[in-house]
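Here is a quick walk through one structure, from its inside to its surface. Have the model open while you read.

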Amino acid sequence: MTTTAFPVPRWAERVAHLIPLVLLPQCLWRLPFAFGFDMGSGTGSIGSLWISVPYVFGLSLLTEAFALLSFGLIRGWGEVAPNWVPLVGGRRLHPAVALVPATLGGLGATLLFGPFTLGALGIGFAFDPADNAAWDLLFRICVLPVGLWGPLVLALTVHYSVRRRASAPAANANRVAAPARPR
């Protein structure tokens, strides 16, 4: 369901599509570690393949799944629960159902990954040196975009809040009063 009570501007659509893409380089960077390739970091293997492969691939898939949840801030399923959801399917969602996790997730991603971006830019903490400059450059290129995740989610969250607040009077005007029960 892509329709919303009020139209979503083009910038918000683009931001929602950008969020999974800013996480993709880091997810791809992580994959060789599952097979014991240290990507010039000198850290060696992270353990048995039976553990490292599911862990690293699972972490990358989970990261991208969380990124895809940002589409709920610009799609109809962020306003009305899909029909297949038990108990609440087809009902209009209270804005807090999306705003609280989106705000906490955006703030958490900013606090967690912001230092990675600053470190990749040479501000704040320093990363362990790589084996050579090429590995170091590739690492910084892959880690740098992840710091945008939190701010982009927060921008969509603010837009969602404003859009839902604007749609509330329209939704209330469309409600039909329930007939009075006979006594």
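## Ground rules

Helices here are DSSP runs (H or I, at least four residues), strands are runs of E (at least two), and both are numbered from the N terminus. Leu 28, for instance, is found in helix 1.

This is a predicted model, so to speak of local features we need pLDDT of at least 70, and side-chain atom pairs count only at pLDDT 80 or more, while totals for chains, interfaces and linings use all residues. Residues are numbered from 1 along each chain as its sequence is written, and side-chain values use heavy atoms, with hydrogens and water left out.

## The core

Let's start inside. A nonpolar core means a set of buried Ala, Val, Leu, Ile, Met, Phe, Trp, Tyr and Cys residues joined through side-chain atoms within 4.5 Å. As for "buried", that is under 20% relative accessible area, with exposed over 50% and partly exposed in between (1.4 Å probe, protein chains only). The largest such core has 30 residues, and the members that touch the most others are Ile 19, Leu 23, Trp 29, Leu 73, Ile 74, Trp 149 and Leu 156. At least two core residues come from each of helix 1 (10-34), helix 3 (96-120), helix 4 (133-143) and helix 5 (149-174). Helix 1 gives the largest share, eight residues.

Setting aside neighbours within four places in sequence, Leu 156 is in contact (heavy atoms within 4.5 Å) with Trp 11, Ala 12, Val 15, Ala 16, Ile 19, Ser 70, Leu 73 and Ile 74.

## Cysteines

Looking for disulfides, meaning pairs of cysteine sulfur atoms within 2.5 Å, you'll find a count of zero. Cys 27 is buried at 4% relative accessibility, and Cys 142 is buried too, at 11%.

## Salt bridges

Side chains of opposite charge can pair when their charged atoms come close. The rule used is a side-chain nitrogen of Lys or Arg within 4 Å of a carboxyl oxygen of Asp or Glu, and the structure holds three such salt bridges. Arg 75 pairs with Glu 13, with the closest N and O atoms 2.6 Å apart. Since Arg 75 sits in the loop between helix 2 (49-68) and helix 3, and Glu 13 in helix 1, this pair ties together parts that are 62 residues apart in sequence. Arg 75 is buried at 15%, whereas Glu 13 is partly exposed at 23%.

Next up is Arg 163 with Glu 79, at 2.3 Å between the closest N and O atoms. Arg 163 lies in helix 5 and Glu 79 in the loop between helix 2 and helix 3, so here the linked parts are 84 residues apart in sequence. Both of these residues are buried. Then there's Arg 140 with Asp 136, at 3.0 Å from N to O. They are four residues apart in helix 4, so about one helical turn separates them. Arg 140 is partly exposed at 24%, and so is Asp 136 at 22%.

## Out on the surface

Which residues form a nonpolar patch on the surface? They are Leu 18, Leu 21, Leu 24 and Leu 28, with about 350 Å² of accessible area together. Patches take residues with over 30% relative accessible area and no salt bridge, joining like charges within 9 Å and nonpolar side chains (Val, Leu, Ile, Met, Phe, Trp, Tyr) within 5 Å. The areas come from the Shrake-Rupley method with a 1.4 Å probe, and for residues only the protein chains shown count as cover. Leu 28 is partly exposed, at 48%.

Over in helix 2 there's Tyr 55, which is exposed at 51%. Its C-alpha atom is 9.9 Å from that of Leu 31, 24 residues away along the chain.
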